[in-house]
Amino acid sequence: MQHYVNVILPIPLEKLFTYSISEAESKFLKPGMRVAVPFGKSKIYTALVHKVHTTAPTVYEAKEIHQILDEHPTVHHIQLKHWQWIADYYMCSIGEVYRSAVPSAFLLESETLILRNDAAEIDENDLKDDEFLVFEALQHQSVLKVHEVGAIIDRKNILPILNRLLEKNVIFLKEEIVEQYKPKLVRNVKLGAGHTSEENLEKLLQSLTRAPKQSQVILSLFQLHATGKKPIKVSELEKESGSSRAVIKSLVDKGILEEYFIQTDRVVYEGKDENSNLKPLNEHQERALVGIRESFDAKKVALLHGVTSSGKTEVYVKLIEECISSGNQALYLLPEIALTTQLIVRLQEYFGEKISVYHSKYNIQERVEVWKNVNGNKPKAQVVIGARSALFLPFPNLGLIIVDEEHEGSFKQFDPAPRYHARDAAIVLAKLHKANVVLGSATPSIESFYNAKIGKYGYAKIDRRYGNVVMPDIELVDIKEQARKRRMKGRFSERLLEEITETLDAGEQVILFQNRRGYAPIVECTTCGHSPQCPNCDVSLTYHQYKKQLRCHYCSHHMALQESCRACGSATIDSKGFGTEQVEHELLTLFPEAKVGRMDLDTTRGKYGYERIITAFEQQELDILVGTQMLTKGLDFRNVNLVGIMNADALLNFPDYRAHERSYQLLTQVAGRAGRTKKRGKVIVQTYNPYHQILKQVSTNAYAEMFKEQLYEREQYKYPPINRIIKITFKHKEYNKLNEAAEWFTKALRNVFGGSVLGPEYPPVARIRNQYLKHVIIKINHDRSLVKTKNSIKRIEKSFNAISYYKSIRIIYNVDHI
């Protein structure tokens, strides 16, 4: 009986592919194991076993698999269910989810390499013309790729020629799959077996009297043995004996020392062996904890609404402690890698080496190790902290998921597919594992708070800061009035400068927030008004003073700053607007004594970029920290007494239905960084419109009022949480073709959905990387089936793709667009 296997390929295919396997392989293979399979003419992919069965495919003949890559499943059956849900809900293929979910080291791909056979005697007269061309090319180049051979002989189908060359032993093919992950091996040494007895030892030391360096190495080895029972690394022995590797190597060659290797993880916890006791919770935290437990008992998601600095982390720690003591794993999701840096240190105090960290700043090798530790339920992977990608780890027994700062937009993936929201996907994952979920925030998203209001989620609140510290005093400064009276110094109002001076004099720290990186977003000629634009995108180039260059933040196109205007030749070039770099520059002029740091995408590149800046600020090596929204997300600095918001209006006037909600959240979060210990903090908000409703609500901490207003507006205009929305983006390099295609698609949508379709419309930035964009938004009532809606859209897409003129148009779906 013939056996078959359905596999998931890491490419955007609608269906699973079927391959044939032997009976022995069918008994060995389990869902979640990796197999290498041929796909297309010459490609080999790493596929994932989905199902083993005996039904042959009807449309095509099943090929055989290439090889089995795993002995045990790399992915759990619950993960496969979760991936299927993500693929269905976010309208993408399961192959795209697979590609995004696993570390790329697991996705081994190959390309057929053609190598010359040096061992064979070849008579050139036996070769045909096209064979000789390949043979000749291999004399100059030891390896050729399939497409290169195609170019040499100018033919598409080159397999017959390669087969003939293989028969004549001229070439051999290398279809090798290269394993990217290599375990880290540490070199250790011990005394050779022949020298362990006292008698032999004495002889050995006598024989080494004329080699003092070698003798010193042996004595150092004894000392290290005496002080600890751990294996002795070559590097340690080298340091202790003060000798070189060559001396140790000569002892190994003589057989006096034996060398052996131990496999270790790349990320190792190097803290104390004993862990701190958990801090006792205050009455407000205890009350919240009881509320969360009640939600868990009722099988509900718990929303923890605690003001900034109310000690939410301590409540989470208590919940994690309960979870791991019952033998389950806990997942702690954070929106920003910057946050993991600070939290790891805090949680390691309590849980020591039970913690693993997983995010994109870790290299491939480190991520594979964390994956394997989680899969094996190792002691060092009981608590996993990570950004949204940690959601895809293979937890065998997940008991708790904490989504901290759940309102953050960073939890939503934008490119590439799957465009999932980690908060919503975490709730589904918890349901599959029968685990508990806590969503925590000082400013919950409108959706989560709405779900708590209608009783879908449980709700717990902490409305006092830890230690009864008073909420910061928020002052709105009218910079329009200040500018009119000529009282502004650069970008700083008089009030903000006064407060910075006072704070620095008191030996305290300052955070300044400006949500734009670079020096200035626009460089303009004051004579003719020309401003340099990006050739690939519809945006002006941002000026970065540090590198003296103009840079596009969408496609990374850059050019040197021009001395004179390229349009009229005048040297009257001025910058408009300002970013973090300009704020930093002005501070150095206004406060030459102060140490100023900057935290944005430009300064936090590299693995330890965040850690370096956060640690320097925590240890008070910096007095003022200027930053973008990275600063707002739950960081805890003890000595910060003043927070300055350079310009609140840029957030409020953003063309988006969430602009007011986001502004409230962002401003409240930034304000929450001030005065977190004893003294009441101060927040200065610079704005051209101090009477704006949202700014007033931020200054009085009126979340409920903001929620009520926003919900009313969304009900009127049919936006989430009252309705669901799907955003469809069309992408193409030809302007007219895109317009036609978007109109055709939208017309078809309107025939099905009527007036709930908005668009097609160009976004504010209508061209990125030479591709024009057009958006369509579909609003779906809650009483309408989401599955039927998606099926209708997919049917329209099929008809759309059947028109050959529109085939090259790319369609992107973004479900629950934020």
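Predicted model: local features only at pLDDT ≥ 70, side-chain atom pairs only at ≥ 80, totals over all residues.
**Figure 1. Strand 29 and strand 30 in a parallel sheet.** Strand 29 (residues 640-645) pairs with strand 30 in the parallel sense, over four bridges.

**Figure 2. A salt bridge between Lys682 and Asp473.** The side chains of Lys682 and Asp473 meet in a salt bridge, with 2.9 Å from N to O. Lys682 lies in strand 30 (residues 682-687) and Asp473 in strand 20 (residues 473-478), so the pair ties together parts of the chain that are 209 residues apart in sequence. Is Lys682 buried or exposed? Lys682 has a relative accessible area of 15% and is buried, because buried means under 20%. Asp473, at 28% relative accessibility, counts as partly exposed. Salt bridges that share partners join Asp473, Glu475, Arg495, Glu498, Glu499 and Lys682 into one network.

Figure 3. Seven strands, in the order 15-16-14-17-18-13-19, form an open sheet with parallel pairing. At the edges stand strand 15 (355-358) and strand 19 (458-462); each has a single partner strand, so one side of each is left without a neighbour in the sheet. The twist in this sheet averages 20° from one strand to the next. Within the sheet, strand 17 (residues 398-404) and strand 18 (residues 436-441) run parallel and are joined by five bridges. Ile402 has Val438, in strand 18, as its bridge partner.

Figure 4. Helix 12 (residues 312-325) lies across strand 13 (302-306), strand 14 (329-333), strand 16 (383-386), strand 17, strand 18 and strand 19. Relative to strand 17, helix 12 runs at about 170°. Which residue forms a salt bridge with Glu322? The partner is Arg293, and the closest N and O atoms are 2.2 Å apart. Glu322 is in helix 12 and Arg293 is in helix 11 (residues 283-297), and the pair links distant parts of the chain, 29 residues apart. Glu322 is partly exposed at 31% relative accessibility, and Arg293 is partly exposed with a relative accessible area of 32%.

**Figure 5. A salt bridge between Arg245 and Glu238.** The side chains of Arg245 and Glu238 meet in a salt bridge, at 2.8 Å from N to O. Arg245 is partly exposed, with a relative accessible area of 41%. Glu238 is also partly exposed; its relative accessible area is 23%. The count of salt bridges comes to 29.

**Figure 6. The nonpolar cores and the residues around Leu749.** The largest nonpolar core has 114 residues. Which residues touch the most other members of this core? They are Trp83, Ile728 and Leu749. Helix 25 (residues 735-753) gives the most to the core, with seven residues. Apart from its neighbours within four places in sequence, Leu749 is in contact with Ile728, Gly754, Val757, Val776, Ile778, Ile793 and Ile796. A second, separate core has 32 residues, including Ala288, Tyr316, Tyr332 and Val357.

**Figure 7. The protein chain as the setting for the close-up views.** The secondary structure of the chain comes to 26 helices and 35 strands. Taken along the principal axes, its C-alpha atoms fill a box of roughly 90 × 80 × 70 Å. Of the 818 residues, 52% count as buried.

Methods
Residues numbered from 1 in each chain as written. Heavy atoms only, no water. Core = buried A, V, L, I, M, F, W, Y, C linked by side-chain atoms within 4.5 Å. Buried < 20%, exposed > 50% of the residue type's maximum accessible area, 1.4 Å probe, protein only. Helix = DSSP H or I, 4+ residues; strand = E, 2+ residues; numbered from the N terminus. Contact = heavy atoms within 4.5 Å. Pairing = 2+ DSSP bridges. Axes fitted to C-alpha atoms, helices over the stretch in contact; angles between N-to-C directions. Salt bridge = Lys/Arg side-chain N within 4 Å of Asp/Glu carboxyl O.
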